[in-house]
Amino acid sequence: MAMRCLLVDDNARFLEAAKVLLERGGASVVALAGSSNDALVYARELRPDVALLDIDLAGESGFEVAERLSGIVPHLIMISTHDQEDFEELVAESPVLGFLSKSRLSAEAVGALVSAGA
């Protein structure tokens, strides 16, 4: 069964590109959310296996969104164009499994983080 993903990012072009990339890798993208409110609605309604959250959401922190999704979505992963080192402490202190650079995003990389955190 394909891993069911929720993508949360304020960049619509990235959301569409990431959806294609993840689905080519065998994941199922159940929803694309451009805000925390959309993410919460989709998470409650669709119960994805994993949510991929942009660190910088227009005026919102992806880490705050992760706190709100914790307990609803079993696996949370932060994504960003920023360097992982810039956010290591925040990642460690949050309910997320880890961090993926947007340039390294793939269904395989998401699956590896989920497997390591399970």
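Arg47 is partly exposed, with a relative accessible area of 47%; on this scale, buried means under 20% relative accessible area, exposed over 50%, and partly exposed in between, with a 1.4 Å probe and protein chains only. The residue belongs to the loop between α2 and β3 (50-54). Although Arg47 is not a glycine, its phi is positive, at about 50°, and this residue comes just after α2. Helices (H or I, at least four residues) and strands (E, at least two) are DSSP runs, numbered from the N terminus.

The model is predicted: local features need pLDDT of at least 70 and side-chain atom pairs count only at pLDDT 80 or more, while totals for chains, interfaces and linings use all residues. Residues are numbered from 1 along each chain as its sequence is written, and side-chain values use heavy atoms, with hydrogens and water left out.

**Overall form**

The protein chain has five helices and seven strands, in the order β-α-β-α-β-β-β-α-β-α-β-α from the N terminus on. For 118 residues, a compact globule would have a radius of gyration near 13 Å, and the 12 Å of the protein chain agrees with this. That radius is taken over C-alpha atoms, and the globule rule is 2.2 Å times the number of residues to the power 0.38. The C-alpha atoms fill a box of roughly 35 × 30 × 25 Å along the principal axes.

Of the 118 residues, 46% count as buried. Among contacts with a separation of 6 or more, 62% join residues 24 or more positions apart; contact means heavy atoms within 4.5 Å. The accessible surface comes to about 6100 Å², of which 46% belongs to carbon and sulfur atoms, by the Shrake-Rupley method with a 1.4 Å probe.

The protein chain carries 9 positive and 19 negative side chains, and the centres of the two sets lie 9 Å apart. Lys and Arg count as positive and Asp and Glu as negative, whereas His and the chain ends are not counted. Each charge is placed at NZ of Lys, CZ of Arg, CG of Asp or CD of Glu.

In helix α2 (residues 36-46), the buried residues are Ser36, Ala39, Leu40 and Ala43. Seen down the axis of α2, they fall within an arc of 100°, so they line one face of the helix; the arc is that of the directions from the helix axis to the C-beta atoms. Asn37 and Glu45, on the other side of α2, are exposed. The buried residues of α2 pack against β1 (4-8), β2 (28-33), β5 (60-61) and α3 (62-69).

Helix α5 (residues 107-117) has Ala107, Ala109, Val110, Leu113 and Val114 as buried residues. Their arc around the axis is only 165°, which puts them on the same side of α5. Glu108, Ser115 and Ala116 are exposed on the other side of α5. The packing partners of the buried residues of α5 are α1 (12-24), β3, β6 and β7 (98-101).

**Two further positions**

Val91 is placed in helix α4 (residues 88-93), and Gly71 in the loop between α3 and β6 (75-80). Not counting residues up to four places away in sequence, Val91 touches Phe63, Val96, Gly98 and Phe99. The table gives accessibility and a C-alpha separation for each position.

| Residue | Relative accessible area | C-alpha separation |
|---|---|---|
| Val91 | 14%, buried | 7.8 Å to Met78, 13 residues apart along the chain |
| Gly71 | 73%, exposed | 19 Å to Leu32, 39 residues apart along the chain |
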